[in-house]
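Hello,

Please have a look at it first, then read on.

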Amino acid sequence: MTETSDIIMLIPVLFPILAGIWIRFIKSDKQRSSLVLAVIALEILLVAGIAIKGGYRFTIWQMNDTLSVTLAADALGAFFACMIAVVWLLAGIFSAEYMKHEENVPRFFMFYTMTLGVLMGVCFSANLLTLYLFYEMMTLITVPLVIHTQTKEAISAGIKYLGYSVFGAGLALIGFFFLNTYCTTTEFVGGGTLDMTMVAGSENLLLWVYFIMMIGFGCKAGMLPLHAWLPTAHPVAPSPASAVLSGIITKGGVLAIIRTTYYLFGVDFLKGTWVQQVLLILAMATVFMGSMLAYKEKLLKKRLAYSTVSQVSYVLFGLMLMSPIGFVGALMQVVFHAIAKNTLFLSAGAIIYKTGKTYVQQLKGMGKQMPIVMWCFTIASLSLVGIPPTSGFVSKWYLAQGGLAEPTFAATGIAGVAILLISALLTAGYLLPIVLESFFPGDDFDYSTLEKKEPNSLMTVPLIIFSAGAVILGMFSGSLMNIIIEISGVIF
Amino acid sequence: MDMNLMLPFLVFFPMVGGIVGYWLGRNNKKARNLFASAVTAIVLLGCIMLYGKEAYFMIPNFCGLGLQFSGNGFRMVLAVITALVWFFTTIFSDEYFAKNYRNRNRYYLFMLLTLGATLGIFLSADFYTTFVFFEIMTFTSFVLVIHDESKDTIRAAGTYLAVAVTGGLVTLMGLFMLYRIAGTLQIDLLKEAVYHAENKREFYIAGGLTLVGFAAKASVVPLHIWLPEAYRVAPAPASALLACVLTKTGLYGVFALSGAVFFHDANWGMMILIFGVITMLLGAILAVFSVDLKRILACSSLSQIGFIMVGAGMQGILGHHNALAVNGSILHFVNHSFIKLALFMGAGVIYMNTREMNLNKIKGFGKDKPLLKGIFLMGILGIMGVPLWNGYISKTLLHESIVEYIHILQEAGKSATFFRTVEVLFLFAGGLTVAYMTKLFVAVFVEDGESAKYKGKYMNSASATVLTISAAICLLCGILPHQIQDTIAEISRGFFFAEAPEHVVHYFSWVNLQGAIISICTGAVVYLFFIRKCLMKKEADGSYTYLNRWPNELNLENKVYRPVFLTILPFLGALVARSVGSIVEGIIVLLKTYIFNNDDGKVIPPEDAYFSLYSHDAGARSGFREGLAKSLLFFGIGVTIAMLYMLL
């Protein structure tokens, strides 16, 4: 890969941030919405162009010989960036309608657009310092989305979110100091950059450092033990914001974990150590805990947030297997979960927008009132459970193959696969009853009170695209597979 | 092997057809019904065209591993039966749903989707494909079961879905492991892998897990809880589909595992046999006790599935001598489908007129309706195993396969007590079949009752035609065993890698007739001395009422599964999850209480008053308030210092 110093790398980051500020001062709702969508659409083109061309690199600030703030477009970053930009656009279209019943709309869209820029920074970070910088920015800039409604509940949730995230990032920062010493460079290089001559003798110290960093970054991904902010913060945000928080921002943590694990420490150093096993077990515990608590939860959006806790830990389980097939499963799960969870949160949003109903037991007969929305909800649910031919099944297949192929910790691997399936059963238990109640309200249901409440196309079209994606990407996962194999070729 | 486009067509055409039909049905119901019948007719033709071909088709990378279809022999037979059953029930649905049914459009959509999925299962060449369509079929058929949405129905359908989804996930675990061990899920290749494996233990585990989902769908005891209720509450055409085809998809999985993958494996066969015997007996006993027409038929299905499982088990146990067992299980599989087609549609006719299924309410309905009586009689005689009807042929083969193994054991000088017991139980279950079917027939067609008042036309000519044909098939297969039954067996045998029987079976020889006679006599005794004495009560006016004497305590679903899976396990799971999940929250609460307690917004560590002495001076220099802002400020300072340290 030839690396050029090209200022074009700065554009995907700066453009949405500047545009966001501009958006703040637009008075007309209609103009503002179209501008937001235009900005995101342009951003998609830009990111797609960068992803296809590849190899761009730009140093914003060279601090000293070893430290710099640098953006670079490698395959992994481009993969995440493309996914994020597309999801952002669809959720943006949905918000254009949804935000009509919220206050402070300009502020929301300002931060919504700016967040995209920061996320691009996270994706395209070329070294740990840059990643850390954008990672913290991501936390700070999403707080306004969480506390948008400014109710007491939202504000305390926002503070909880901030506290956990900053603490988590702080833990990760500890690792940075060590890595700065023990790595040849904190630049992300596939396969790791540990300086083995320096590491010799202090392996265990570095494993602890790795462990602490994982707990820290795991906070954003909702992994035990720092997951508790997630079910509090996601549900209080406006639905499109919860959708991207759950579907995308959690993946920021995943990306950071991939970068540290595969691009700094390297698989060779970590594989077969106690850290791997402990993290596998933590991921498994989170998978189970998340879906169990979701099963018990009655508030729809909170149930979905717990579901995120569990589903994102599927990804972490796959990553911690540190094998190519586990990695494939994990990255597929990243995409498929983003799609499914966005569909679910947006459907929940459409229901709130049209009927104001938030509890699962209120959704009886909803399928008769909002057939398109509930169909999308159904498809996304099936994908999340992992029913073929939806996409969730495909990612689960690879994750399980990875789990069973685990050479050192065979028992943990098998237990992990069993937990994936138990969690799938629980997922069926917390999503399917909603679907059933909404489509089959029973013969004593009073059909005369029914009225069509289908939202307009600004809401339904993104939902339909998402749920079509949830099915089609599963059926024809070949091209996605090729991209992931290309990424994993660099790191294994 | 040529790539045959017919296979994907058969699977996907009905699905597309279903969607087109849905769109049609929004404006014109008549056109939709005709269209649905036409789709099933085309599919039927397509299935027949598979005859004699080694059809094969694959869609690489679809859903990850890709789909593989194959349409030879047994698969073709299954496809034809499926399409035929669908064709008949679709014609019958037209009249059945004509009155008092909501959501018919939905029914037709999902009926056709289910057809495609079912064909996908039967034509699959590897377990991956089987599983993909198996799961699709679970969900689409669920919509058929829940159709009328009454309280009972919703509950029963919920059980059906829960059992099927849970079973499906266990099967998935098995498939994960099989693929991991063998590197393939193609049924033929798996057979080789298992056959040559030195250590079969992990194959047994993987295969056993894979079996669970299929057994759940085939409703093998103890996973049978959904079946009696689901069949009872579903609309009659849907019950017919369930009984004739959908449960058979589970058996297809069982066959693929025990006939092909665990080829000639005695241990595996023994396991299947034991489950088969239990299912066969329990189903028959439940049927004897039932007082609901459709429930009797449902429990009867359960029992017959047990018979087929016995055959599947005997295949493995007999090893190279399994020709009779193979033929028996194939034929009972096929015969049972036709029998139940006639009987469930017949039950549908009764329901459509009376809106009742309780024997006491429909008593006497068929008394002066010779056509319906004839149709029922064909089915009933078939399932009883009376010579000259189709059930007799297959039951004889199954019985002979057990007897054959007893001979083999005796020649080898080993104890045959176990298999003698199996034989006795087999004949006894056959006897119970006779008993409960007699009960059914006598109630509906012989005794007098309130339902005798339904006079006149009770079904239209289209329904009458399909019912008559279904019933006639039962008789025809029984009269011409060598021409029809042996041919079906011969076409299908390749699936099990079985050879032809060493000599032609003389179905009507005295040895073979004996089994049937024993069963029929047992049945007569049970009917006369148990059913009539214990399960019926003579009323003052001389008529009889049928009593439900099955104790409520003996309900596996309500007394075991529901409490365990809906109350106890979630409680324990949530307890564990909550305690694990709140560790950090708990620590934060503790910190808040003991260290960062916000009394007057001051930090006062409890035991070291001097440490925070300055804060006692209230109102003095308080530049900023304690709290988030201050923490952030300190954090920022910390980061700055750290940065400076690194830079300098």
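Let me start where the two chains meet: 40 residues of chain A are in contact with 37 residues of chain B, where contact means that the C-beta atoms, placed from the backbone, lie within 7 Å. On the chain A side, the elements giving two or more residues are helix H6 (152-182), helix H12 (274-296), helix H17 (391-404), helix H18 (410-439) and helix H19 (457-475). H12(A) provides the largest share of that side, 7 residues. By class, the side of chain A that touches chain B has 31 nonpolar, 7 polar and 2 charged residues; here Ala, Val, Leu, Ile, Met, Phe, Trp, Tyr, Cys and Pro count as nonpolar, Asp, Glu, Lys and Arg as charged, and the others, Gly among them, as polar.

Please keep in mind that this is a predicted model, in which local features need pLDDT of at least 70 and side-chain atom pairs count only at pLDDT 80 or more, while totals for chains, interfaces and linings use all residues. Residues are numbered from 1 along each chain as its sequence is written, and chains are lettered from A and ligands numbered from 1 in the order in which they are written.

Now to chain B, which has 23 helices and 5 strands; these are DSSP runs numbered from the N terminus, with helices (H or I) of at least four residues and strands (E) of at least two. Its C-alpha atoms fill a box of roughly 110 × 65 × 55 Å along the principal axes. Of the 648 residues in chain B, 53% are buried (20 or more other C-beta atoms within 10 Å of a residue's own; 12 or fewer is exposed, and in between is partly exposed).

Leaving aside residues up to four places away in sequence, B:Ala230 touches B:Val145, B:Ala156, B:Ala157, B:Tyr160 and B:Leu242.

Further along chain B, helix H17 (residues 417-446) and helix H20 (residues 510-534) pack at an angle of about 50 degrees, with their axes 7 Å apart. H17(B) and H20(B) are therefore oblique to each other (angles under 35 degrees are roughly parallel, over 145 roughly antiparallel, 65 to 115 roughly perpendicular, and the rest oblique). Their contact has 11 nonpolar, 8 polar and 1 charged residues.

Finally, some backbone details. Most residues other than glycine have a negative phi, and most peptide bonds are trans. B:Glu149 has a positive phi of about 60 degrees and sits in the loop between H5 and H6 of chain B. In chain A, a cis peptide bond joins A:Leu224 and A:Pro225, with omega about -5 degrees, and another joins A:Pro388 and A:Pro389, with omega about 5 degrees.

Best wishes

Key. Axes fitted to C-alpha atoms, helices over the stretch in contact; angles between N-to-C directions.
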